[in-house]
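Please consult the sequence and the structure shown below while reading.

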Amino acid sequence: MDRTQVVEENYANPKTCLFHVLFKGAALAFYILSALFVNNFVIIFVVTVFLSALDFWVVKNVSGRILVGLRWWNEINDLGESVWKFESLDQESLARMNKKDSWLFWWTLYLTAGAWVILGIFSLIRFQADYVLVVGVCLTLSVANIIGFTKCRKDAKKQLQQFATQTLANQFTSSLRTAFTVV
């Protein structure tokens, strides 16, 4: 091997990446191709929403945790208020996450939502309100994952900043104590 060649980083979790993309692609492909092969709106609605729901679950519970080290969920507390819960790997583990896996995760998350928006616009232009409903459900599931993982990533960064600030403060006070102690 030539020493001047750059070794390209591979996907660390190719199976997870495959399933991360598979259900997104399956839902979009079925919705687009169903117009050519299926004349029954109920079948189109059920299969497309089912594939989008599978995608939502896989992203939220499997690929998000494996590819970017993040997990989120929403709970209702005793007062009836919605509370977002976030979970992330420790900062050292997050820093070691595979860049290609992370890139694939975030880009497909946003591109899928963009594709649903475009398909929704086409449905509106063609005055197909029933298909706007299908796109709306699929877009809602995609956007829920985007919001959840974006909030989770911000929470992980905030925890890192708090940890760094606390560590620096502890080191500073420890240095001051050492400097002013009489030997």
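In this predicted model, helix α2 touches helix α4 through Thr48, Ser52, Val59, Ser63, Gly64 and Leu67, whose partners in α4 are Asp101, Ser102, Phe105, Leu109 and Trp116. By type, the residues of this contact comprise 5 nonpolar, 5 polar and 1 charged.

The geometry of the pair may be described next. Helix α2 covers residues 41-67 and helix α4 covers residues 99-125; their axes lie 11 Å apart and form an angle of about 155°. Because an angle over 145 degrees counts as roughly antiparallel, α2 is roughly antiparallel to α4. The crossing of α2 and α4 is left-handed.

**Features of α2**

At the N-terminal end, α2 is capped by Asn40, which places a side-chain oxygen 3.0 Å from the backbone nitrogen of Val42. Further along, α2 bends by about 45° at Val59. Val59 is also among the α2 residues that meet α4. After α2 comes Gly69, which has a positive phi, near 70°.

**The contacts of α1**

Helix α1 consists of residues 14-37, and its axis comes within 9 Å of the axis of α2, crossing at roughly 165°. The two helices are therefore roughly antiparallel, and the crossing of α1 and α2 is left-handed. The residues of this contact divide into 16 nonpolar, 6 polar and 2 charged.

How are α1 and α4 oriented, roughly parallel or roughly antiparallel? Their axes come within 10 Å and cross at roughly 10°. Angles under 35 degrees count as roughly parallel, and α1 and α4 are therefore roughly parallel to each other. On the α1 side, the contact is made by Cys17, His20, Val21, Lys24, Ala27, Leu28, Tyr31 and Ile32. The residues of the contact between α1 and α4 comprise 12 nonpolar, 4 polar and 2 charged.

An α-helix has 3.6 residues a turn, so residues three or four places apart point the same way.

The table below collects the axis values for the helix pairs discussed.

| Helix pair | Axis distance | Axis angle |
|---|---|---|
| α2 and α4 | 11 Å apart | about 155° |
| α1 and α2 | within 9 Å | roughly 165° |
| α1 and α4 | within 10 Å | roughly 10° |

How values were computed: Residues numbered from 1 in each chain as written. Predicted model: local features only at pLDDT ≥ 70, side-chain atom pairs only at ≥ 80, totals over all residues. Heavy atoms only, no water. Axes fitted to C-alpha atoms, helices over the stretch in contact; angles between N-to-C directions. Helix = DSSP H or I, 4+ residues; strand = E, 2+ residues; numbered from the N terminus. Parallel < 35°, antiparallel > 145°, perpendicular 65-115°, else oblique. Left-handed = near helix turned anticlockwise from the far one by under 90°. Contact = heavy atoms within 4.5 Å. Nonpolar A, V, L, I, M, F, W, Y, C, P; charged D, E, K, R; others polar. Bend = angle between axes of the 7 residues up to and from the residue. Polar contact = N/O pair within 3.5 Å; in protein donor to acceptor, adjacent residues only side chain to side chain.
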